[in-house]
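Have the model open alongside.

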Protein chains: 2
Amino acid sequence: MRLDDQLAFILEIDKLKSVQRRTILTDASRAENSSEHSWHIAVMAGLLQEYAAAPVDTQRVIQMLLVHDVVEVDAGDTYAYDAAGNATKVERELAAADRIFGLLPPDQRLHHRALWDEFEEMRTPESRYANALDRIQAALLNFHSGGIAWRQHGIRASQVIERMQPVKDGAPGLWPVVERIVGEATEKGYLTEG
Amino acid sequence: MRLDDQLAFILEIDKLKSVQRRTILTDASRAENSSEHSWHIAVMAGLLQEYAAAPVDTQRVIQMLLVHDVVEVDAGDTYAYDAAGNATKVERELAAADRIFGLLPPDQRLHHRALWDEFEEMRTPESRYANALDRIQAALLNFHSGGIAWRQHGIRASQVIERMQPVKDGAPGLWPVVERIVGEATEKGYLTEG
């Protein structure tokens, strides 16, 4: 039955609350999980649309952000600077998308899968803006938690700048924030110079 | 500066990730926090709109749900069945709304405050549907986690039925789910009869 399938999906994605990211909360108490992260960037999407590179359909952006990480229920969160993990990430996440969105009734499966694909492909103004928020939220938390995650992994300033390129593409109005964060983080020793 | 105010709000609401609810995750591992809950019901809003009492503006519902709990950063989560806590809840949450939405630039402060007021007042189709989701998500988690929170507080079936009335008003198509959950939960001893 249609409603049973919808509820099965809703219960399945409850597991996203147990998928830990490397990002640490601003109060430095613990790692953030992927559902909290998804909530945070969905709120940001409404607040920061004036900085997007092009006018965006905010509803589409928010719906995209709300489900962009649900594949991690199966595939886990892959750390941005983990080369080995990133080599298999696409394959693992595609299989997860098939299974998890496959729980939904056909029309909603197609709609949500299209949102997920759009986010991954980074071609539309909506997905570019969404990816910009996804990146800058991590930088904000990494900086305001005292650089714990960056220091732990010995991340260099240039790695963060490279990782943040989607901000320049999708929300150029927020690029000065990235530059300020990376500059101050380097001064404070949260990031290694160079 | 406008962007600084927006970032201050974004960093402030990070604290919602540390506000614990009484609801337990479906894997029974720990209590849910209010940011995870907000994410979950925002996803549900897109999926379950066909069960709403009247056609709704889904974007407005989702934006409402994303911020409906941010006042808990100051006011904490008040347990649904805590009479003493609920006596002071309105006052505490109004002060919190003034302070937290007050961090935003004036236009966004008004917009988000209006969304929060609308949710609380439960008058529009959007806020009735949003409140229905807020209630039924808790019932789903309480049931699928093995009734831990209900058993811990000795909750009666009639209390849950009463608490779930907004589901009947805002999303009558989901009322059979409430009846099924309460029936099975009573059979299993998660809820006290009567």
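In this predicted model, α5(A) passes α6(A) in a right-handed crossing; a crossing is called left-handed if the near helix is turned anticlockwise from the far one by less than a right angle, and right-handed if clockwise. Helices here (H or I, at least four residues) are DSSP runs, numbered from the N terminus. Helix α5 of chain A covers residues 83-101 and helix α6 of chain A covers residues 106-121; their axes come within 10 Å and cross at roughly 160°. Those axes are lines fitted to C-alpha atoms over the stretch in contact, with angles running from 0 to 180 degrees between N-to-C directions. So α5(A) and α6(A) end up roughly antiparallel to each other, going by a scale where under 35 degrees is roughly parallel, over 145 roughly antiparallel, 65 to 115 roughly perpendicular and the rest oblique.

Who touches whom? From α5(A), the residues E93(A), L94(A), A97(A), D98(A) and F101(A) meet R109(A), H112(A), R113(A), W116(A) and E120(A) of α6(A), contact being heavy atoms within 4.5 Å. For the classes, Ala, Val, Leu, Ile, Met, Phe, Trp, Tyr, Cys and Pro are nonpolar, Asp, Glu, Lys and Arg charged, and the others, Gly among them, polar.

On to the rings: the count comes to six aromatic pairs over all chains, where rings of Phe, Tyr and Trp (its six-membered ring) pair if their centres lie within 6.5 Å, and planes under 30 degrees apart are stacked, over 60 edge-to-face and the rest tilted. One of them is F9(A) with F101(A), stacked because the centres are 6.2 Å apart and the planes at 25°. F9(A) sits in helix α1 (residues 2-12) of chain A and F101(A) in helix α5 of chain A, so the pair ties together parts that are 92 residues apart in sequence.

Now for packing between the chains.

| Helix pair | Axis distance | Angle |
|---|---|---|
| α2(A) (residues 34-47) and α3(B) (residues 58-67) | 10 Å | about 120° |
| α3(A) (residues 58-67) and α2(B) (residues 34-47) | within 10 Å | roughly 120° |

α2(A) and α3(B) are therefore oblique to each other, and their crossing is left-handed. Here W39(A), A42(A), V43(A) and G46(A) meet Q63(B), L66(B) and V67(B), which divide into five nonpolar, two polar and no charged residues. α3(A) and α2(B) are likewise oblique, with a left-handed crossing.

How do the copies relate? Chain A can be laid on chain B with an RMSD of 0.0 Å by a turn of 180° and a shift of 0.0 Å along the axis, superposed by least squares on C-alpha atoms of residues with pLDDT of at least 70 in both. The two copies are thus related as by a two-fold rotation axis. Also, 100% of the interface residues of chain A are interface residues in chain B, so the copies meet through the same surface.

Residues are numbered from 1 along each chain as its sequence is written, and chains are lettered from A and ligands numbered from 1 in the order in which they are written. Local features need pLDDT of at least 70 and side-chain atom pairs count only at pLDDT 80 or more, while totals for chains, interfaces and linings use all residues; side-chain values use heavy atoms, leaving out hydrogens and water.

Definitions and conventions. Helices (H or I, at least four residues) and strands (E, at least two) are DSSP runs, numbered from the N terminus.
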